[in-house]
Each structure stands twice: as structure tokens, then as C-alpha cells.
Amino acid sequence: MVGAESDWKEEERKELLDSGVDSPASPPLEDVKLELGYYAADEEQRADGVAQEDKKAGRARLLVWMTINIIATVAIVFTNKSILSNASFRHSQVSFAAYHFTITGLTLWLASRPFCGWFEPKHVSPHRILHLVAAMCIQVIFQNLALAYSSVIFHQLARLLLTPATALLNYTLFQSSIPKAAFLPLVLLCTGVGIVSYFDSHPSAHGNDTTTPEGIFFALSGVCASALYTVLVGRYHKKLEMSSMQLLLNQAPASAAVLLCVVPWMETFPEVSSVPGSLWISILASGIFACLVNLSQFYIIDAAGPVTSTVIGQLKTCIIVGLGWVLSDHEILRQSIAGILMALAGMSLYMKIMLGHQK
């Protein structure tokens, strides 16, 4: 019975093909073959080929954006250091922060437009995020001050203290705990940063790129403000049901407006004629780098997830510390080198434990 049914189906296929050749009123021969499944395998192979090409193109785009993110992040740290160390802008931290908030707001606005379509904007009244705006302004200003009054190495390592500070604040306010195995790496991290801050603040006859007591104070204050800001962001995400990009799109313009209102009372802007042209170019480059950092960071998180973004962040820290070491005029003592290695090892171990805990 099975053989007879198979022969019948084969005869029916032949009849359909013969009718397609002999009768002008019949469907075209190619349509008959398509209906009978002649091209099914070819179509599947072609679809698989297109999918593989799309995956390769996606991986290539991700690699490009990762490279852009790393280069732009490293470049903006050293560019901002040169700007904020200049006498003309050393006391213009608020203006510089307002400039970067404006760049961030414009970048996010473009990314939310239909022709980009990276995310859908969601509006919230400024008074509902006033605490978040204030914390954002304070932490960015402290970061700029720390960069102006300390070495790049210490500034970057001090930012690693944000992790234990955030964990402590979460535990104090919301009783959120971390794995016990993560405590030792955090102690190692804090000890390493403490060693670097002590020995990096010693004056050196080989250069003046040292960390001042003011720089240590601003860096630690910036870490505390950033920890508060990080905790608030997590709460506002849930409260307003908004993504990071949607929330930042509302924060950045409001933060820029607040800072521009207080600039006349806090700062005296340098005369344009007294500022060298190279410094204006650096300021423009800083804005471009900020734009690239924001866009690339959003793409990486969207395409590869927060874990990949965290790993790239660790890589950027190592690169910045290494370049700061090479480019610094300040003598790097053996004790500072030991502190750097301890801080980086502590942060790496902490991230490994936390990622394993999340899985």
C-alpha cells in the first residue's frame, strides 16, 4: 500500500509538470515546481546563509562599537585632564559639567528620533526627578574637581571605590547584601587605592603631576555622591518604569539648565582671547568623545548585555592606568605599583564572584 501511494504521488507530480508544459492555460512551470517543493531545500540553505551573514555583520558592528567605546573613553579622560589642569578652566568645573550634560542631552535626543530608533522617549516632569538631577550634578562636578587636582592613575583607581561604596549604601538603606566571598576582594581593592593615594600624594622632583590633598578629598566625595546617584537611579528605574536612556534623556537637559543658572554666581568665565586655540579644540574634542562614549555604551549594552559592558569597563580601567603610568611626569614608586595591582586584582576578583553569583 505504501509503495502504491508513493507511485501515485510521483505520477501526480509528473502529470502536473507535463500539464505545465503542454497547456498554455496552466500555471508557469517554475510555479508548479515551487508548489511541489522542488526549491524548499534551496530556500532553506539560502535563508541559513543570510542568517550567518547577518550574525557576522552584527559581530563586526559590535566589535567596531567596542573599539570606539574604549578609544573614546580613554581619550576623554586624558583630554579632560589637560583641559581642567589648565589655569583658564581649572575653576570652571560647573560650566564644563553643563557643557557635557548638553552634549549628552543632544546625543540622546538624536538617538530617540525615528530615523535612529534606538529607544522610545518617555517624558517625566522635572520636579519628579529633582533629587536625581541634584545628585547627578554634584557627582560630575566632584569628578571634574578630582581630575583637576589629582593624577590620572589615582583618579581612575579611586573610581573603583564606587563598587564597595554602592554596596555599603544599599546595605545601609535597603538591607541588600552581597556574597560573603566578595568581602575579601573589596578589602583588597580599598587597601590598594589607599596605598596609591598615600604614595601618589608625595611630592616628586621628577614632575608635578601629583595628587594633592584636595584631589583626594574631591575624589572620595565624588565616590560618595556617585554611590548615592547609582542607588537613586536603580530606584527611579522601578518607580518611573523607564530605561536608562529614557531616564538620562530627562536628566541631562534638566541638569544642564540647573548648572547654567548657578554658573554666574559661582564662576568667572575666562576671557575668550586669553584661551589658546588648542584648548578650544580640546574642549570640542571632549564633547565629541562624550557623544561617542554615550552612543557606543548604549549599543554595547543593547547588543551584548551589561556583563560585556562591565568587562569592557575593567579593560578601560587597566588601559587608562597603564597609559597614565607611561605618560606621567611623576615618579611611580614601587609601593604605588603594588597598590595599583592590588586594586585591579581586587576589582577583578569581585566581578568574577558577582558574575558567578548572578548565574
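Is N144 buried or exposed? N144 is buried, at a relative accessible area of 9%; buried means under 20%, exposed over 50% and partly exposed in between, for a 1.4 Å probe and protein chains only. This is a predicted model, where local features need pLDDT of at least 70, side-chain atom pairs count only at pLDDT 80 or more, and totals for chains, interfaces and linings use all residues. Residues are numbered from 1 along each chain as its sequence is written, and side-chain values use heavy atoms, leaving out hydrogens and water.

**N144**
- N144 sits in helix α5 (residues 130-149); helices are DSSP runs of H or I with at least four residues, numbered from the N terminus.
- Setting aside neighbours within four places in sequence, N144 is in contact with L84, Q93, F96 and A97; contact means heavy atoms within 4.5 Å.

**K81**
- Helix α3 (residues 40-84) holds K81.
- K81 is buried, with a relative accessible area of 11%.
- The K81 side chain reaches the backbone oxygen of S150 at 2.6 Å.

**Helices α4 and α10**
- The axes of α4 (residues 93-111) and α10 (residues 244-266) come within 8 Å and cross at roughly 150°.
- That makes α4 roughly antiparallel to α10, a term for angles over 145 degrees.
- The contact includes F101 and W109 of α4, and L248 and M266 of α10.
- Its residues divide into 16 nonpolar, five polar and no charged; Ala, Val, Leu, Ile, Met, Phe, Trp, Tyr, Cys and Pro count as nonpolar, Asp, Glu, Lys and Arg as charged, and the others as polar.

How values were computed. Axes are lines fitted to C-alpha atoms, for helices over the stretch in contact, and angles run from 0 to 180 degrees between N-to-C directions. Helices (H or I, at least four residues) and strands (E, at least two) are DSSP runs, numbered from the N terminus. Angles under 35 degrees count as roughly parallel, over 145 as roughly antiparallel, 65 to 115 as roughly perpendicular and the rest as oblique. A polar contact is a pair of N or O atoms within 3.5 Å; within protein, one must be able to donate a hydrogen and the other to accept it, and residues adjacent in sequence count only if both atoms are side-chain atoms.
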